[in-house]
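Here is a short report on one protein chain. Please read it alongside the sequence and the model.

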Amino acid sequence: MEELFAYMNRQLALLESTFVRYCYQNITWENRMLGLVGPRGVGKTTLFLQHIKTHCDLRKTLYVTADHMYFATHTLYGLAGEFNRAGGTHLFIDEVHKYENWSRELKAIYDAFPDMHVAFTGSSVLDIVEGSADLSRRAPIYHMQGLSFREFLAIRHGIEIPPYSLEQILNQEAAIPGVVHPLPLFREYLQRGYYPFGADPDFETELSQVIARTLEVDIPQFAGMNVSTGRTLKRLLAVVSTLVPFKPNMTSLGSQIQASRNNVEDYLLWLEKSGMIAQLRTGAEGLGALGKVDKVYLDNPNILFNLAEGRADAGTVRETFFFNQARVLHRVTASAISDFEVEGITIEVGGKSKDRHQIRDAERGFIAKDDIESGFGNVVPLWAFGLEY
């Protein structure tokens with residue numbers, strides 16, 4: 001276990017980020033067990049290390065990653081027992097999805113050591129894979145998305161501003177003090193600002209690797225798929241990237257990737273949960289509360305630019321950005337007359353020349369307009385919708 005403590009201390013020493021992500025304050029860290037899930041590369045590990053460094057007694061805290069060589073000959077349960085006997089109170093397990101039978105052992109740890117707090121991170125697809133033991137009553141699961149435009153400004157450019165509510169944004173109250181021209185920063189964010197590693201010189205290559213590992217390793221591992229199905233997922237994402245946004249025709253998609261209609265629906269759900277795509281649903285209620293899928297988008301503009309090799313359609317980028325940012329705090333559904341409905345508010349997304357035609361019959365409608373620095377009336381700068389979280 002000394003080796004694991006040394007590993008934790010090395011990770012804490014390398015920690016440079018001091019900016020705390022939006023979801024930190026929403027996590028009840030006092031829970032006996034909790035999980036933090038999200039797509040690859042959005043900063044889950046950093047969030048854990050920040051919490052450990054600033055709020056934990058390092059003499060009673062241990063951080064491990066589930067793919068450490070230690071677990072080639074040891075179990076999570078065994079480690080928890082040894083750590084507990086040594087006086088440990090807080091165990092943090094990173095990338096728990098890489099450990100076989102993770103849910104069963106976490107349940108056993110929870111039941112056997114009532115005085116120990118356990119927190120774990122995992123892929124966002126854990127949300128639809130319970131594992132061999134149901135942890136729903138024991139461990140609340142928190143979801144983490146990539147950087148907002150507001151967080152990007154703070155982390156990448158040192159421009160810190162408080163989050164604005166949707167009503168404040170619609171009332172033209174959102175602003176970036178000291179920044180006269182926000183559009184160049186916004187353009188940078190769209191291409192390489194969603195992921196914390198976007199400043200890396202090899203960002204495009206790194207993001208391509210994240211996408212590949214998600215499709216070839218994460219999803220097949222959780223869904224019990226074989227290697228050939230992983231290749232099918234890659235073909236499906238490639239097809240999706242050329243069509244977005246589009247109304248899905250499962251039969252047509254199936255014929256293009258040589259898969260059945262029912263399998264395509266499952267594949268799209270896996271891609272959505274893993275942070276590769278986003279599906280815009282209708283605003284159905286009751287038994288059909290999830291609604292039918294109206295349009296399929298890529299998850300965020302960075303993925304869109306990556307798969308389009310820098311030649312992404314401007315209109316698609318705008319809609320992808322808006323959907324990606326707005327859905328973190330709000331229920332976003334398809335609109336019968338426009339692009340989106342957000343909490344009963346109709347939002348049309350467009351460029352500088354977009355007129356009010358499509359929202360003229362809306363009870364409360366707004367234009368989220370790109371290529372403008374400030375708004376007026378019901379025309380709001382598109383970049384302002386990135387300041388909510």
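## Surface

How much of the accessible surface of the protein chain belongs to carbon and sulfur atoms? The share is 49%, out of an accessible surface of about 17700 Å². The model is predicted.

Buried residues account for 54% of the 389 residues in the protein chain.

## Overall fold

The protein chain holds 13 helices and twelve strands. Its radius of gyration is 22 Å, close to the 21 Å from the globule rule for 389 residues, so the chain is as compact as a globular protein of that length. The C-alpha trace spans about 70 × 55 × 45 Å along its principal axes.

## Charges

The protein chain carries 38 positive side chains and 47 negative ones. The centres of these two sets lie 2 Å apart.

## Cysteines

How many disulfides does a search of the whole structure find? The search finds zero. A disulfide is a covalent bond between the sulfur atoms of two cysteines. The cut-off used here is a pair of cysteine sulfur atoms within 2.5 Å.

Take C23. Its closest cysteine sulfur is in C56, and the distance is 16 Å, too far for a bond.

## Backbone details

P245 sits in the loop between α9 (227–243) and α10 (250–257).

E95 is not a glycine, yet its phi is positive, about 55°. Its place is the loop between β3 (90–94) and α4 (102–112). With a relative accessible area of 23%, E95 is partly exposed.

Q172 is not a glycine either, and its phi is positive at about 65°. This residue belongs to the loop between α6 (166–170) and α7 (183–192). At 30% relative accessibility, Q172 is partly exposed.

How values were computed:
Residues are numbered from 1 along each chain as its sequence is written. This is a predicted model: local features need pLDDT of at least 70, side-chain atom pairs count only at pLDDT 80 or more; totals for chains, interfaces and linings use all residues. Side-chain values use heavy atoms; hydrogens and water are left out. Helices (H or I, at least four residues) and strands (E, at least two) are DSSP runs, numbered from the N terminus. The radius of gyration is taken over C-alpha atoms; the globule rule is 2.2 Å times the number of residues to the power 0.38. Buried means under 20% relative accessible area, exposed over 50%, partly exposed in between (1.4 Å probe, protein chains only). Accessible areas come from the Shrake-Rupley method with a 1.4 Å probe; for residues, only the protein chains shown count as cover. Lys and Arg count as positive and Asp and Glu as negative; His and the chain ends are not counted. The place of a charge is taken as NZ of Lys, CZ of Arg, CG of Asp or CD of Glu.
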